Amino acid sequence: MEWSEELAGGLLQAAPDAILVLAAGRIVLANDRAGQMYGWPVEELVGQSVEVLLTDHSRALLQERRRVVEEGVPGSIGRIVTTARRRDGGEFPVESSTALVDTAQGRVAVAVVRDVTERARAEEEKDRLRAEAHAHRSQRLESLGQLAGGIAHDFNNMLGVILNYANFVIEEAESAEPDVAMIASDAMQVVRAGRRGTDLTHQLLAFARREVVRPQPVDLNALLTQGQELLRRTLGEHINLIFRPGPALPMITCDPGQIEQMLVNLAQNARDAMPSGGDLVIDTAVLGDRVRLRVCDSGQGMPADVAERAFEPFFTTKGSAEGSGLGLATVYGIVTQAGGEVTLNSEVGLGTTITVLLPAGATPATDGATERPAATGGRGETLLVVEDEDALRDVAGRILTGAGYRVLAAEGGAQALELAAGHDGRIDLLVSDVVMPGMLGKELAERLVVARPGTRVLYMSGYAQPVLASQGTLDPGVVLLEKPFTADDLLVAVRRRLDG
């Protein structure tokens, strides 16, 4: 059956792509889409040389295929991706498929041309996003490497002190006439290095927003007023501390200890930026529904490339003896965990300004009394101590037994449940690590309390995420003793938990 010219013309106009029929290098037929794509009225396009639609790139491809077009057999001669030119001279990417057709008027080439501008843009965007993701991945790996290197450096220093001074203690203790004063002095060096490690761990946890937060309503102006003496000692006499409290400051909900740590870190950074002295101005104000804390120094300032990386962990322009590079990283973690924002502006020679925005408004949230109990000794209560680290389990058992408690010790959840099942008397308190292989402390506590409803629970952990709610606060009813702890810390926490 032969198709009518009307049907053929309808199909030509219905096609979504530009269709051009070429004979002897001239356009003899074009559909409306071709006119729209190339910016020509169709009646003017017909009769034009195909050259008016070609760019240098498409012309070169056409030259390569000219012999195929002139000598080839009827049928498709394939698809090419090239560029085309509009009437106004603008170029755009196209995808073109051409077929040779023998007609009564001779051989013609039928070209179907598609504008692929959007596709090209999409590909460019994909390439851009891919390159951006690669850059971010490289940056993350670099930051992780910097973090790991910084941790290893600082802890190696502390471990070097601990190992060597511990050996000095052993050597002196085993000597013919031990010098007790020297042993005590060397042991104190071990303790100091251990405290430095504890401080570093807390800074890392604060940066990672894994530090345990105990939020409460806080008057920021009052907190700053109380902390001025500490800040002045941190800054030294050569720096003038100026405090400008804003009026009618609403309460904020935060952990006051973390805010104090943040202020000390900022003060230390400001002090280091003003070796010859200067001014440190701390002011507060209300900005909408947030409270602003601003810390401005008149120090050396930072170039843009340094300011951009200032909040990265272990990034520092100081020597290794002057700082770990965790100060601003810790500030970032504390502020973010409190639901706030922190920004830094700095200019070389003009100083640095740190701006902290914290949500206004306070909700009463406390985890009990903070006063120390009058007595910390045991009264014969039975404690089930569960800790997978053998040495720490022995330390806790030794401290608690010496204080008058009866101690049952287990290295994990399964052994603890078995030990509890075989114990005839009461178990007054479960003292359990949070993260243990096989069974988390939270699951152990839940199962033990079902079997023994009268048993209370005290968690101990340096990484408490499994018992934390959002924003790093403790789940309701959870009491936590943070590692590493001293004997006094442990006895106070146990006594307070037993006394309710």
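This is a predicted model: local features need pLDDT of at least 70, side-chain atom pairs count only at pLDDT 80 or more; totals for chains, interfaces and linings use all residues.

Residues are numbered from 1 along each chain as its sequence is written, and side-chain values use heavy atoms, with hydrogens and water left out.

**Entry 1: the cores**

I began with Met-262. Leaving aside neighbours within four places in sequence, I found Met-262 in contact with Leu-293, Val-331, Ile-334, Val-335 and Val-356. For cores, I join buried Ala, Val, Leu, Ile, Met, Phe, Trp, Tyr and Cys residues through side-chain atoms within 4.5 Å. Buried means under 20% relative accessible area, exposed over 50%, and partly exposed in between (1.4 Å probe, protein chains only). Which members of the largest nonpolar core touch the most other members? They are Met-262 and Leu-293, in a core of 39 residues. The largest share of this core, 7 residues, comes from α8. There is also a second, separate core of 21 residues, with Val-50, Leu-54, Ala-109 and Ala-111 among its members.

**Entry 2: helix α8**

Helices here are DSSP runs of H or I with at least four residues, strands are runs of E with at least two, and both are numbered from the N terminus. The buried residues in α8 include Ile-259, Met-262, Leu-263, Leu-266 and Ala-270. At the start of α8, a side-chain oxygen of Asp-255 comes within 2.9 Å of the backbone nitrogen of Gly-257.

**Entry 3: Leu-54**

Leu-54 sits in the loop between α3 (42–45) and α4 (56–71). Is Leu-54 buried or exposed? Its relative accessible area is 10%, so Leu-54 is buried. Beyond neighbours within four places in sequence, Leu-54 is in contact with Arg-59, Leu-62 and Arg-85. I also noted that the C-alpha atoms of Leu-54 and Ala-84 are separated by 5.3 Å, though the two are 30 residues apart along the chain.

**Entry 4: salt bridges**

I count a salt bridge when a side-chain nitrogen of Lys or Arg is within 4 Å of a carboxyl oxygen of Asp or Glu. How many are there by this rule? The count comes to 18.

Asp-17 pairs with Arg-114, with the closest N and O atoms 2.9 Å apart. This pair links distant parts of the chain, 97 residues apart: Asp-17 is in the loop between α1 (5–14) and β1 (18–23), and Arg-114 is in strand β5 (residues 106–115). Asp-17 is buried at 13%, whereas Arg-114 is partly exposed at 37%.

Glu-44 and Arg-87 form another salt bridge, at 3.0 Å between the closest N and O atoms. Glu-44 lies in helix α3 and Arg-87 in the loop between β3 (75–85) and β4 (91–103), so the pair ties together parts 43 residues apart in sequence. Glu-44 is partly exposed at 36%, and Arg-87 is partly exposed at 43%.

**Entry 5: Thr-352 and the cysteines**

Thr-352 is in strand β12 (residues 351–359) and is buried, at 7% relative accessibility. Its side chain makes a polar contact with the side chain of Ser-346 at 2.8 Å. By polar contact I mean N or O atoms within 3.5 Å; within protein, one must be able to donate a hydrogen and the other to accept it, and residues adjacent in sequence count only if both atoms are side-chain atoms. Leaving aside neighbours within four places in sequence, the contacts of Thr-352 include Val-295, Cys-296 and Leu-344.

Cys-296 is buried at 19%, and Cys-254 is buried at 3%.

Definitions and conventions: Contact means heavy atoms within 4.5 Å.
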